[in-house]
Amino acid sequence: MNKIFAILGSITLSMLVAACSDTKTAKETAETAAPANTAVAESETPAADASAGSATFAQVEGTKTLTLSNGASVTWIQDNEGEKLNPRSLFSDASDSLYNSLNMPDGIPASVSTFLVKVDGKYILFDAGLGAFGGQLQKRLAALGVNPDSIGLIYLTHFHVDHISGLVAKDDAGNDAKAFKNAAVYAGKVEYDAWMNDIPKNDLQKNIMALYKDSLHLFAFGDTLPHGVLAMDAVGHTPGHTAFQLANLLIVGDLMHGYALQKDHPEINSNYDMDKPKSAESRKRIMQYASDNKLLMAGMHLPPPGFAE
């Protein structure tokens, strides 16, 4: 268990890039590629008490809160610090002419994001972010007034470093510990089995899963999870990449790394996608599903504020 942070420290910058965290300073603002306006009620960001009871409202940098059709709230939390651009080199599937038509020579605005849902008086966190690699999640939860111990459920879209490293913290003795002491962690069985058995360089994933072994729950595609969250097949980016639907919200994980490009050209993959044909198929299918059902998409690498229709 106590090897997790040693593993984190030994991972090179290039490995972190391979886990979807390539960032550089933006010369264009993220608004140049901002998603369409959302058709749900928007509020100031909630600052809730540690028991996930009543909420007040305050503006917190790097967050945005929307109200869903079922009355639940979803808060986008930007986990990366500063602005982020995904470079042209990440999209080798795109022709030069197609990429140049975006007029984004410095890269495509993106983010590293997590999403906090409050439903039925309970908190669900979707992915845990960068953690020791510069993650801002814990700081922003504190600014929102949300104690990490009040988060009861964590749903993982997949096991890349920038989605699970935030599950780990150091305790007062300097030992590896759960960052979310009371959370049950839900992971796809296909994803879990692939990382535990088939994918190389998986020490970090194995150690984090071992840390949460007493609160780990594996699900299958099509399962309905606590609070009515549906787990959906979104494979391709990783073997068990999962999307989640709650009411009119669709958490799409890493379905898109370059929204400005892929929203109109879902056939274009990023080089992070482990199975490009399956990734393109999932992107087309899920984007069509979202459109047909008028769902709000929330993506871990969409440009701020992380939502798109």
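A residue counts as buried when its relative accessible area is under 20%. Keep that in mind while we look around this predicted model.

Let's start with the rings. The structure holds six aromatic pairs. Take Tyr 155 and Tyr 186: their ring centres sit 5.2 Å apart with the planes at 85°, so this pair is edge-to-face. These two come from distant parts of the chain, since Tyr 155 is in strand 10 (residues 151-155) and Tyr 186 is in strand 13 (residues 184-188), 31 residues apart. Buried or exposed, what are Tyr 155 and Tyr 186? Both are buried.

Tyr 155 also has Phe 244 as a ring partner, and here the planes are at 25°, so the pair is stacked. Phe 244 belongs to strand 17, so this pair ties together parts that are 89 residues apart in sequence.

| Pair | Ring centres | Planes | Type |
|---|---|---|---|
| Tyr 155 and Tyr 186 | 5.2 Å apart | at 85° | edge-to-face |
| Tyr 155 and Phe 244 | 5.6 Å apart | at 25° | stacked |

Zoom out a bit, and ring pairs link Phe 126, Tyr 155, Tyr 186, Phe 219 and Phe 244 into a cluster.

Now for the sheet around strand 17. Six strands make up an open sheet with mixed pairing, in the order 15-16-17-18-19-20. At the edges are strand 15 (224-225) and strand 20 (307-308), each pairing on one side only. Strand 17 (residues 242-246) runs antiparallel to strand 16 (residues 229-233), and four bridges join them. Which residue of strand 17 is the bridge partner of Leu 230? That's Gln 245.

Notes: Residues are numbered from 1 along each chain as its sequence is written. This is a predicted model: local features need pLDDT of at least 70, side-chain atom pairs count only at pLDDT 80 or more; totals for chains, interfaces and linings use all residues. Side-chain values use heavy atoms; hydrogens and water are left out. Two strands pair if DSSP finds at least two bridges between them. Rings of Phe, Tyr and Trp (its six-membered ring) pair if their centres lie within 6.5 Å; planes under 30 degrees apart count as stacked, over 60 as edge-to-face and the rest as tilted. Buried means under 20% relative accessible area, exposed over 50%, partly exposed in between (1.4 Å probe, protein chains only).
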